[in-house]
Amino acid sequence: MTVAARRTFLKGIGAAGVLGALAGCGVPAAYVDASDRAAKDLSGRDKKLTFANWPLYIDTDDEDKTRRPTLDAFEKRTGIDVRYTEEINDNDEFFGKISPSLMNHQETGRDLVVISDWMCARFVRLGWVQEMDRSRQPNVAEHLDPILRTPHFDEGRRFSVPWQSGITGIAYNKRRLGREIRHVSDLWADDLKGRVTLLSGLDEAFALLMQGDGVDIRKWTGDDFHRMCDGLEKRVRGHHVRRFTGNDYIKDLASGDVLACQAYSGDVIQLQADDPDIAFVVPEEGAELWAESLMIPNLARHKRNAERLIDHYYDPEVAASLAAWVNYVCPVPAARDVLASAKDKDLAALAEDPLVFPDDAMRERLAIARDITSDERTEFARRWNSIVGL
């Protein structure tokens with residue numbers, strides 16, 4: 001499974017544009033005040049919850065794919081029945097599915113959802129998710145990776161908790177290229193003309209390209225964005241960029257049709273299993289660290305049960321089991337020691353993989369990008385889509 005199967009590109013002006021259009025037509029404002037977000041919590045007498053996630057984003061039993069060991073362990077320990085659905089295939093599509101309920105102060109039928117942080121930012125701005133009670137989540141309080149604790153959209157992670165994390169960097173074929181890539185600017189070398197792909201999604205692509213211009217993505221400006229686009233337009237007109245892609249960059253890189261591309265760390269781990277010449281680089285200028293996070297929607301009926309499940313996955317033993325299966329950046333650094341002590345050589349080796357547990361040198365070059373605000377999105381998406389050809 002690929003990260004890009006979960007991280008989707010923005011279509012048109014996206015759901016934010018839809019909300020803006022509705023507001024302009026006299027539809028009541030979509031924002032929900034904090035006092036209107038909670039429903040009566042039935043967790044005490046109703047031992048269940050509904051958990052919506054992306055496909056193939058949880059551990060399964062090798063012998064029985066319907067079994068999910070870490071989830072089964074939670075159910076056995078707590079007596080809480082978890083209705084687990086793999087219904088999220090696209091951030092904007094899922095937004096469109098549940099936004100009518102949320103903007104109209106109605107239940108979504110889901111107690112826990114996992115969406116990409118750039119979409120989480122939209123939910124937080126709209127007041128569509130509930131603040132979590134950290135007193136019920138000691139594992140989260142103790143084990144959440146410090147680098148993921150203070151995203152721009154949710155200071156202190158009051159409304160969201162990372163499910164898994166990842167890095168947007170550069171992948172290339174060392175053998176076919178015959179040299180190292182260390183900087184974003186290396187993508188623009190003459191020998192890579194027509195052999196480079198970039199991600200098509202605005203939210204997925206912009207941060208790394210800005211970092212190549214020396215921008216601190218934690219506090220980028222509109223001028224930084226347009227300067228990045230000016231340079232990219234020239235490279236597109238000059239046919240240096242072969243094309244913009246979703247997850248199909250994987251087959252382009254594997255086949256040799258491209259020699260270097262913007263890529264997600266989780267994908268490259270899988271590519272390296274088939275071709276050890278594939279390398280993943282966090283450029284010297286830095287790379288974006290992103291997450292897909294757990295959130296509790298407004299009016300969820302089993303909030304306390306959802307908080308308990310989140311905390312379950314921050315137990316280092318459980319986090320290690322999940323990391324061993326999904327192979328993304330683990331948001332629980334303490335899980336590394338669990339894997340390192342494993343008798344299985346492959347599991348022990350995973351503890352040393354910097355794409356699952358970034359080392360200190362790599363962590364210094366990682367940053368969480370400031371999200372695109374609702375005021376910026378329409379303008380920026382229009383310009384980006386004109387470059388990408390959407």
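1. F51 touches V82, R83, Y84, T85, L112, V114, W163, L294 and L309, leaving aside residues up to four places away in sequence; a contact here means heavy atoms within 4.5 Å. F51, F123 and W384 are the residues that touch the most other members of the largest nonpolar core, which has 127 residues. Such a core is a set of buried Ala, Val, Leu, Ile, Met, Phe, Trp, Tyr and Cys residues joined through side-chain atoms within 4.5 Å. Buried denotes under 20% relative accessible area, exposed over 50%, and partly exposed in between (1.4 Å probe, protein chains only).

2. The model is predicted: local features need pLDDT of at least 70 and side-chain atom pairs count only at pLDDT 80 or more, whereas totals for chains, interfaces and linings use all residues. Residues are numbered from 1 along each chain as its sequence is written, and side-chain values use heavy atoms, with hydrogens and water left out.

3. The pLDDT (the predictor's confidence in each residue, from 0 to 100) averages 92 over the chain, and 92% of the residues score at least 70. Over residues 1-14 the pLDDT stays under 50, although the model has 66 contacts beyond four places in sequence for this stretch. Residues 20-28 also have a pLDDT below 50, with two contacts in the model beyond near neighbours in sequence. Where pLDDT is low, the predicted coordinates should not be read in detail.

4. The count of aromatic pairs is 14. Rings of Phe, Tyr and Trp (its six-membered ring) pair if their centres lie within 6.5 Å; planes under 30 degrees apart count as stacked, over 60 as edge-to-face and the rest as tilted. The pair Y57 and Y328 is edge-to-face, because the ring centres are 5.7 Å apart and the planes stand at 85°. Y57 lies in the loop between β1 (48-52) and α2 (69-78), and Y328, 271 residues apart from it, in the loop between α12 (316-326) and α13 (335-340). Helices (H or I, at least four residues) and strands (E, at least two) are DSSP runs, numbered from the N terminus. Y57 is buried at 0% relative accessible area, and Y328 is buried at 1%.

5. Y264 and W290 also form an edge-to-face pair, with 5.9 Å centre to centre and 80° between the planes. Y264 belongs to strand β7 (residues 260-264) and W290 to strand β9 (residues 287-295), so the pair ties together parts 26 residues apart in sequence.

6. Ring pairs join F51, Y57, Y84, W163, Y313 and Y328 in a cluster.
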